[in-house]
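Let's take a walk through this protein together. Keep the sequence and the 3D view open as you read.

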Amino acid sequence: MIISYKECLKQFGSDYKIKNLLKENKIYKIQDGIYSTEQYVSDIEVITVKYPEAIYTMDSAFYFYGLTDVIPEVHYISTKRNATRIHDDNIKQSFMENAIFDLGKTEIEYQGDKIQIYNQERMLIELIRHKNKLPLDYYKEIINNYRTKINELDFGKISEYAEHFKMKQTIMNTIQMEVL
């Protein structure tokens with residue numbers, strides 16, 4: 001279990017006790033301000049605790065949903081436009097307008113970790129919005145996998161989400177032509 005420095009102080013009482021627990025290997029320092037009761041923890045768990053407002057998106061979300069077998073080299077997360085820039089080579093941060101940030105936000109369990117992620121309907125819209133920035137074969141792989149999940153998708157949500165984007169008609173036309 002990952003805990004922050006503040007939580008360690010609450011739980012153990014003082015910095016002195018925290019240092020003793022570290023020496024005794026009862027807790028482990030993962031990064032500055034991040035501790036764990038286990039020696040090895042996943043990057044996903046660390047990111048979830050360190051950036052609780054962040055939402056997994058793009059390549060990470062496509063991989064977590066099984067829409068691609070390409071393992072992302074970094075963690076793709078989205079934050080609000082006014083959020084602090086994350087300086088971590090293992091994270092690719094995108095800033096989202098506050099009005100659409102929570103649109104389609106959900107929580108799933110992935111390899112034992114609960115993560116915030118955009119639902120598959122929102123990710124379909126993100127895929128189309130970023131179509132020109134993605135390699136064509138990667139885009140086609142994900143679109144083809146969306147076709148196999150067509151019965152799982154809620155097209156009411158997709159239509160509702162599309163209304164919040166400037167290119168709503170293009171999004172809906174692309175879905176009509178490439179997914180349905």
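## Ground rules

Helices (H or I, at least four residues) and strands (E, at least two) are DSSP runs, numbered from the N terminus. The model is predicted, so local features need pLDDT of at least 70 and side-chain atom pairs count only at pLDDT 80 or more, while totals for chains, interfaces and linings use all residues. Residues are numbered from 1 along each chain as its sequence is written, and side-chain values use heavy atoms, with hydrogens and water left out.

## The chain as a whole

The protein chain holds 9 helices and 8 strands. Its C-alpha trace spans about 65 × 30 × 25 Å along the principal axes. Of the 180 residues, 41% are buried; buried means under 20% relative accessible area, exposed over 50%, and partly exposed in between (1.4 Å probe, protein chains only).

The accessible surface is about 10800 Å², with areas from the Shrake-Rupley method and a 1.4 Å probe, where for residues only the protein chains shown count as cover. Carbon and sulfur atoms own 47% of that surface. Contact means heavy atoms within 4.5 Å. Among the contacts with a separation of 6 or more, 51% are between residues 24 or more positions apart.

## Asn98 and Asn82

Asn98 belongs to helix 5 (residues 98-101). Its relative accessible area of 42% is why Asn98 is called partly exposed. Leaving aside neighbours within four places in sequence, Asn98 is in contact with Lys80, Arg81 and Asn82.

Asn82 sits in the loop between strand 5 (75-80) and strand 6 (91-96), and its relative accessibility of 63% makes Asn82 exposed. Asn82 and Asn98 are 16 residues apart in sequence, and their C-alpha atoms are 8.2 Å apart in space. For Asn98 and Glu73, 25 residues apart along the chain, the C-alpha separation is 27 Å.

Which residues does Asn145 contact, leaving aside its neighbours within four places in sequence? They are Gly66, Leu67 and Thr68. Asn145 and Leu67 are 78 residues apart along the chain, yet 5.4 Å separates their C-alpha atoms.

Asn145 itself lies in helix 7 (residues 136-148). With 22% relative accessibility, Asn145 counts as partly exposed.

Two packed helices are described by the angle between their axes and the distance between the axes. Here, axes are lines fitted to C-alpha atoms, for helices over the stretch in contact, and angles run from 0 to 180 degrees between N-to-C directions. Angles under 35 degrees count as roughly parallel, over 145 as roughly antiparallel, 65 to 115 as roughly perpendicular and the rest as oblique.

The axes of helix 1 (residues 5-12) and helix 2 (residues 15-23) come within 9 Å and cross at roughly 100°, so helix 1 and helix 2 are roughly perpendicular to each other. On the helix 1 side you will find Tyr5, Cys8, Leu9 and Phe12, which meet Asp15, Lys17, Ile18 and Leu21 of helix 2. The residues of this contact divide into 6 nonpolar, no polar and 2 charged. Ala, Val, Leu, Ile, Met, Phe, Trp, Tyr, Cys and Pro count as nonpolar, Asp, Glu, Lys and Arg as charged, and the others, Gly among them, as polar.

## Helix 6 and its two partners

Helix 6 (residues 120-129) and helix 8 (residues 155-162) have axes that come within 9 Å and cross at roughly 50°, so the two are oblique to each other. Glu121, Arg122, Leu124 and Ile125 from helix 6 meet Lys157, Ile158, Tyr161 and Ala162 from helix 8. That contact has 5 nonpolar, no polar and 3 charged residues.

With helix 9 (residues 168-178), the axis of helix 6 comes within 10 Å and crosses at roughly 100°, which means that helix 6 is roughly perpendicular to helix 9. Here Leu124, Ile125, Ile128 and Arg129 of helix 6 meet Ile171, Thr174 and Ile175 of helix 9.

## Two positive phi values

Most residues other than glycine have a negative phi, and most peptide bonds are trans. Met58, found in helix 4 (residues 58-64), has a positive phi near 40°. Met58 is buried, with a relative accessible area of 11%.

Gln111 also has a positive phi, of about 50°, although it is not a glycine. Gln111 is placed in the loop between strand 7 (105-110) and strand 8 (113-118), and at 67% relative accessibility Gln111 counts as exposed.
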